[in-house]
Amino acid sequence: MKRALVVEGGAMRGIFAAGVLDSFQQQQYYPFELVVGVSAGATSAAGYLTGNAERNRRIILRMATQRDFFNPLRFVMKGHMTDVKWLWCESRERYPLDARALSKGAPLMVAITNMQTGRAEYHQATPDNLDELMEATCALPLVYRTPPQLEEDFYVDGGVADAIPAKYAYEQGCRDITVVLSQPWGYQKPAEKTPWMTNKMFADYPALIDTIHQRSDTYNSTLAFIANPPADCKVHIIAPPADFPVKRLTMNKTKLIKGYRMGRQCAQQYLSQFTQAA
């Protein structure tokens with residue numbers, strides 16, 4: 001069966017996937033024909049597929065905790081609260097990855113949300129578009145002020161329209177899907193807390209407004225698909241334990257390190273299934 005890896009985002013919660021993919025790389029575990037990433041999950045998947053998964057932990061611990069990336073005061077002054085373009089571009093300088101390797105293995109599909117249509121789009125990462133795609137998929141609405149542009153359209157975080165692209169992987173013919181989540185299993189996304197703010201900030205993009213308002217329903221519907229996939233599909237779930245201490249904007253390095261170690265431990269448990277089966 002065609003196998004896929006789907007990696008959810010979640011900003012700083014991406015430290016869990018960093019641990020998972022670091023373990024996968026160390027074990028030389030590359031059985032996937034398709035990899036789909038969203039937001040921080042896409043950046044981690046890029047490191048994994050180019051043979052430098054350990055960069056993901058370093059970026060989150062050493063760079064994403066800096067004021068250059070996360071700065072509430074800058075946001076008050078009409079700037080970005082989370083400067084994802086700085087984080088991605090600076091991380092490529094400090095912790096290089098070989099983008100050419102993306103063409104040698106499983107394709108990396110990156111989910112982004114079109115502001116005009118409100119729909120998710122899936123673009124294959126290449127050396128030519130990698131920087132633009134990573135900025136777009138990580139551009140959290142509301143806190144990243146300048147929407148990235150690809151060709152003629154503007155985009156926001158892929159997680160707005162499709163936070164866990166397991167259905168997309170299934171539609172691409174994958175029937176063995178491994179999903180790396182950033183929330184403990186059993187989590188359900190609550191309804192939007194400030195719909196009025198969405199309406200105000202994106203008044204020129206009514207389709208995007210509808211997508212944001214429906215985000216919790218879409219997310220929870222995907223979780224239901226993962227829990228009860230079609231009869232011809234097997235889904236493996238790698239999710240943080242219930243005591244996972246990392247939130248979307250956690251900056252505490254002790255908690256982040258704990259979250260990373262949880263990712264490594266869960267990956268080892270996942271891999272042990274195949275060792276025992278063999």
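Glutamine 28 lies in the loop between helix H1 (15–26) and strand E2 (34–38), where helices (H or I, at least four residues) and strands (E, at least two) are DSSP runs numbered from the N terminus. The model is predicted, so local features need pLDDT of at least 70 and side-chain atom pairs count only at pLDDT 80 or more, while totals for chains, interfaces and linings use all residues. Residues are numbered from 1 along each chain as its sequence is written, and side-chain values use heavy atoms, with hydrogens and water left out.

Most residues other than glycine have a negative phi. Glutamine 28, however, has a positive phi, near 55 degrees, and with 60% relative accessibility it counts as exposed (buried means under 20% relative accessible area, exposed over 50%, partly exposed in between, with a 1.4 Å probe and protein chains only). Leucine 142, which is not a glycine, also has a positive phi, of about 80 degrees, and is found in the loop between helix H6 (130–137) and strand E5 (149–150). Leucine 142 is partly exposed, because its relative accessible area is 23%.

Another leucine, leucine 73, has its place in helix H4 (residues 72–76) and is exposed, with a relative accessible area of 59%. Together with Val76 and Met77, Leu73 forms a nonpolar patch on the surface with about 360 Å² of accessible area.

Inside, the structure holds 2 cavities of 30 Å³ or more; on a 1 Å grid over the protein atoms alone, a cavity is a set of points where a 1.4 Å probe fits but cannot get out, and lining residues have an atom within 4 Å of a point. The largest cavity has a volume of about 330 Å³, and of the 22 residues that line it, Ala40, Thr43, Phe69, Leu87 and Cys138 are the closest to its centre. Helix H2 (40–49), helix H3 (54–63) and helix H5 (84–94) each supply at least two residues of this lining, and the largest share, 4 residues, comes from H5. By class, the lining of the largest cavity has 14 nonpolar, 6 polar and 2 charged residues.

The second largest cavity has a volume of about 120 Å³ and is lined by 17 residues, of which Glu8, Gly10, Ala163, Arg215 and Arg248 lie nearest its centre. Its lining has 5 nonpolar, 6 polar and 6 charged residues, where Ala, Val, Leu, Ile, Met, Phe, Trp, Tyr, Cys and Pro count as nonpolar, Asp, Glu, Lys and Arg as charged, and the others, Gly among them, as polar.

Technical notes
On a 1 Å grid over the protein atoms alone, a cavity is a set of points where a 1.4 Å probe fits but cannot get out, and a pocket is an open set with protein on both sides within 12 Å along at least five of seven lines; lining residues have an atom within 4 Å of a point. Grid points are joined across faces, edges and corners, and a volume is the space filled by probe spheres set on the points. Patches are made of residues with over 30% relative accessible area and no salt bridge: like charges are joined within 9 Å, nonpolar side chains (Val, Leu, Ile, Met, Phe, Trp, Tyr) within 5 Å. Accessible areas come from the Shrake-Rupley method with a 1.4 Å probe; for residues, only the protein chains shown count as cover. A salt bridge is a side-chain nitrogen of Lys or Arg within 4 Å of a carboxyl oxygen of Asp or Glu.
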